[in-house]
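Here are a few quick notes to go with the structure. Have it open while you read.

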Amino acid sequence: MKICITILFLFLFTDATAKLWRVGAGQQERSIRATINKATDGDTIFIYPGIYKEGQLIITKKLFLKGIQYPVLDGEQKVEILTIRCDGVVVEGLFFKRSGRSSYNDIAALRIADCRNAVVKNNRFESGYFGIYSQHATAAIITGNRLQSDAKDEVSSGNGIHCWKSDSMHISSNTVTGYRDGLYFEFVTNSYIKSNTSYGNVRYGLHFMFSGNNSYISNVFRDNGAGVAVMYSKNIRIQNNLFADNWGGAAYGILMKEITDSRVEGNRFQKNSVGVMLEGSNRIQLLKNVFIQNGWAIKMQASCMDNSIEQNNFSANSFDMATNGELVLNSFKKNYWDKYEGYDLNRDGIGDVPYHPVSMFSMMGERNASSMMLFRSFIVGLLDKAEKMLPVLTPVDLKDHQPLMKPLKL
Amino acid sequence: MMQTMIKYVVLDLIKNRIILVYTFFLLLMSVGMFSMDENTTKGIMSLMNLVLIIIPLVSIIFSTIYVYNSSEFIELLAAQPLKRKSLWLSIYSGLALSLSLAFMIGVGIPVLLFDGTLTGWVLVLSGLFQTIIFTGIALLAAVKTRDKAKGIGVAIFLWFFFTLIYDGLVLLLLFQFSDYPLEKPMIALSMLNPVDLSRILILLKLDISALMGYTGAVFSNFFGSGFGMLLSVLILFLWSAVPVWFSLKQFQRKDL
């Protein structure tokens, strides 16, 4: 009991020393910079509505910055507005506007550098180069932020949430639009990315490389210039995300290049020119996804092996699959294909003849791009039918042995 | 005078059982296709196949047979103080008009009801052009050959050529010359066949061009531009006029 009371007192004691600062018109302090200088570890700074043009603010103390009704921190298109360089800093409810642009430095609106446990919560970002930039950060929480910029081309724009050499990040419920890449991760590990929405970005909605052991859950990636591209990573979990409306000559729902030992489950791929593109990717479990109204549901290069594609629904895609070689080292099982024309004599819900998802014409298109001129013509339909009966061009081994008769409820 | 003749040809054709069955069949198909799926794009896709295969077939065969069957009527009228030109053009107009009417009732109205988008309009327009163009080609086939069986054979072959053989030749060409950039020649080749031209116009409107890769981009650039649109409509007009013009020349000199 004594110990308890002592501990309680200790808490009271520390609380008593932490000070609350108020910044704003009509408050005790006018300048955020001066207040940060005066404050000590553990202090809280309330920033009241107004426009603050204070250049670059660098936080090297453990502070809690809280904006009341989104005070505007204006970077006047010159500077990086806020840099966190201390463990445990919390930044909440601020409005970062017009941060600097540079073709030489990666200027961000908010940078989290070399620290642990930073929290960036419910802020707004508008018109800038990079949004939130984390470098060498550990266990930072980035949640509930709204980032919006006005990127025009890939060269002159930055990324929304950019993480480099970071670990154990928790990135959730952010909305990112109008950047080069919505979410960008390089050498980021053990992180959890959930419920973010990334749309209308110039290049990718999500782009990561050399980032293993991460989970991407329930995010929405739609209407981005080139969709989503992920590369050179292991042990990725991609679950219940929506990849939609990534339409264009080189746009992919998700492009996976050299991704290994990963799980892609319960996602929905809708209206992408290519739903999933696999290149040099091995041991991926592609389970229970929905492919609907894509140009190609899956493009799988012959360089992929030991992937298993099971229990997915394929419907209303122009082509179910395309591949570029004869060799097939992947397994297809128990998927529903709306183009399947087989029968089920014993009524167990599984078709009795295997389904070949690669059509003759999709193979032809891979070999000779110009032949796409005959897309949906009578002769191509006939050739496809003939090929189904007697495969010549299409890989014979690429087939689903147990195609489902009815779509799965996904 | 021409108007009266067109009127009689159209009245004769409207009472024709085959035209009625044709209209009903088209109506059934299009309503069926739209109500099968709530996604109208899919309906448009399926209808596109109908428009590009069935419509040319029916137009060309029906018109050929009609011309042969009314040879006595044509002879009779030719004996009257009428210009052969107006006589032949009246038959052409009558046929094109009544087949177009059947198409509009069977496909046009359902499409515009279920899917009033630009794609729908392009589809309907293409169908109308197919009807008119293949009626013209039928007239040319009929006037060139005296024998009815042979004439129908020629008509079927022409349909076969435009819907299938031509594409086969294109495919052959594509693979023979696959080392060369063929995108631009492909545009020219697609103009030489009204069926291909219509198909590509509809597909581009459906925003399928992304699937067609680089070729699609070239096509979409060309046909998407004002010049390309104008040129393709002009080509379709040429396709509707040139065969008829040739058949007219032949008919004027023909010994009935």
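The points below cover a helix pair and then a domain contact.

1. First, a reminder that this is a predicted model, so read everything here as computed from it.

2. In chain B, have a look at helix α1 (residues 2-14) and helix α5 (residues 84-114): they pack at an angle of about 40°, and their axes are 8 Å apart. That angle makes α1(B) oblique to α5(B), since angles under 35 degrees would count as roughly parallel. The crossing of the two helices, α1(B) and α5(B), is right-handed.

3. Which residues make that contact? On the α1(B) side they are B:Met2, B:Met5, B:Ile6, B:Val9, B:Val10, B:Leu13 and B:Ile14. From α5(B) come, among them, B:Leu87, B:Leu89, B:Ile91, B:Leu95 and B:Leu97, along with serines such as B:Ser86 and B:Ser90, and also B:Gly94. Sorted by class, the contact of α1(B) with α5(B) has 12 nonpolar and 5 polar residues, with no charged ones.

4. Over to chain A, which is divided into domain 1 (15-224) and domain 2 (226-358 + 395-410). The C-alpha centres of these two domains of chain A lie 36 Å apart. Their contact takes 22 residues from domain 1 and 21 residues from domain 2.

5. What does the domain 1 side of chain A consist of, where it touches domain 2? Three strands, β22 (206-209), β23 (215-217) and β24 (220-222), each supply at least two residues. The largest share comes from β22(A), with 4 residues. By class, this side of domain 1 has 9 nonpolar, 10 polar and 3 charged residues.

Methods
Residues are numbered from 1 along each chain as its sequence is written. Chains are lettered from A and ligands numbered from 1 in the order in which they are written. This is a predicted model: local features need pLDDT of at least 70, side-chain atom pairs count only at pLDDT 80 or more; totals for chains, interfaces and linings use all residues. Axes are lines fitted to C-alpha atoms, for helices over the stretch in contact, and angles run from 0 to 180 degrees between N-to-C directions. Angles under 35 degrees count as roughly parallel, over 145 as roughly antiparallel, 65 to 115 as roughly perpendicular and the rest as oblique. A crossing is left-handed if the near helix is turned anticlockwise from the far one by less than a right angle, and right-handed if clockwise. Two residues are in contact if their C-beta atoms, placed from the backbone, lie within 7 Å. Ala, Val, Leu, Ile, Met, Phe, Trp, Tyr, Cys and Pro count as nonpolar, Asp, Glu, Lys and Arg as charged, and the others, Gly among them, as polar. Domain bounds come from an automatic or database domain assignment.
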